[in-house]
Amino acid sequence: EPFDPDSITTDSYDFHLGNTLLCYKNHTLDARQDNETEEIQIPEDGIVLEPGKIYLGSTLERIGSKEYVPIIRGKSSTGRLGLFVHITADLIDIGSINQYTLMMNATQPVKIYPGMPIGQVTFWVPYGNIDKLYDGKYNGLEGPQASQSFRDFS
């Protein structure tokens, strides 16, 4: 949600970019630390993403399922601009219903806009019984989320 029937393609659903980005403040990131971020609103006339930086955006839509396995990918037209929409984590856990964080990286300067179609989601039928739904640290969130890897170090 929001659902737009015009976003249905032959075998997927196009999702759109939200209006907020997070950028890490430090050049060197530490997996054991809560790395500080800066929030940037994407203006209607767009923003240029620069190479060598990770931009955390999010899907405009809340996406997920308690019955199917969602998989997100960048649109090929977005990739042809040299923009990686997700660096990793394209497999979404069953039961995770969120605005998904997009881990974006530009190979050269590229201008993006809020609400632009940026990726696709497909829903796969799992094999076997679904014994447990996802209830982890990233569940139920809205907007882009910074890494919570530091929570894995106790």
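Start inside. The largest nonpolar core has 23 residues, and Leu49, Met104 and Ile112 touch the most other members. Keep in mind that this is a predicted model. Which elements give two or more residues to this core? They are E1, E2, strand E4 (47–49), strand E8 (101–106), strand E9 (110–112) and E10. E8 provides the largest share, three residues.

Stay on E8 for a moment. Alanine 106 sits in this strand. Is alanine 106 buried or exposed? It is buried, because its relative accessible area is 2%, and the cut-off for buried is under 20%.

Five bridges join E2 and E3 in the antiparallel sense. For a landmark, find threonine 20, which stands opposite glutamine 41 in E3.

Next, the sheet of three strands. It is open too, with the order E1-E10-E6 and antiparallel pairing. Strand E1 (13–16) and strand E6 (69–74) are the edge strands, and each pairs on one side only. On average, neighbouring strands here are turned by 35° against each other, direction ignored.

How many bridges hold each pair? E1 and E10 pair over four bridges, antiparallel. In that pairing, tyrosine 13 has valine 121 in E10 as its bridge partner. Valine 69 stands opposite tryptophan 124 in E10. Glycine 74 stands opposite glycine 119 in E10.

**Salt bridges**

How many salt bridges does the structure hold? Two.

One is between lysine 75 and aspartate 14, with the closest N and O atoms 3.1 Å apart. Lysine 75 lies in the loop between E6 and helix H1 (76–79) and aspartate 14 in strand E1, so the pair ties together parts that are 61 residues apart in sequence. Buried or exposed? Both lysine 75 and aspartate 14 are buried.

The other joins the side chains of lysine 25 and glutamate 36, at 3.3 Å, N to O. Lysine 25 and glutamate 36 are each in the loop between E2 and E3, 11 residues apart. Lysine 25 is partly exposed, because its relative accessibility is 48%. Glutamate 36 is partly exposed as well, with a relative accessible area of 49%.

**Surface and loops**

Stay with that loop between E2 and E3. Leucine 29 is placed there too, between strand E2 (20–24) and strand E3 (37–41). Its relative accessible area is 38%, so leucine 29 counts as partly exposed. Which residues make the nonpolar surface patch? Leu29, Ile54 and Ile87 make it, and the patch is about 230 Å².

Now asparagine 98. You will find it in the loop between strand E7 (83–84) and E8. Asparagine 98 is buried, because its relative accessible area is 2%. Where is threonine 59 relative to asparagine 98? The two are 39 residues apart along the chain, and their C-alpha atoms are separated by 8.6 Å.

**The start of the chain**

Last stop: the segment before E1. Proline 2 has its place there. Most peptide bonds are trans. What kind of peptide bond joins glutamate 1 and proline 2? A cis one, with omega about 0°.

Proline 5 is in the segment before E1 as well. It counts as exposed, because its relative accessibility is 53% and the exposed class starts over 50%. How far is proline 5 from aspartate 131? They are 31 Å apart in space, C-alpha to C-alpha, and 126 residues apart in sequence.

How values were computed: Residues numbered from 1 in each chain as written. Predicted model: local features only at pLDDT ≥ 70, side-chain atom pairs only at ≥ 80, totals over all residues. Heavy atoms only, no water. Pairing = 2+ DSSP bridges. Axes fitted to C-alpha atoms, helices over the stretch in contact; angles between N-to-C directions. Patch = residues over 30% accessible without salt bridge, like charges linked within 9 Å, V, L, I, M, F, W, Y side chains within 5 Å. Areas by Shrake-Rupley, 256 points an atom, 1.4 Å probe, with all protein chains shown as cover. Salt bridge = Lys/Arg side-chain N within 4 Å of Asp/Glu carboxyl O. Buried < 20%, exposed > 50% of the residue type's maximum accessible area, 1.4 Å probe, protein only. Core = buried A, V, L, I, M, F, W, Y, C linked by side-chain atoms within 4.5 Å.
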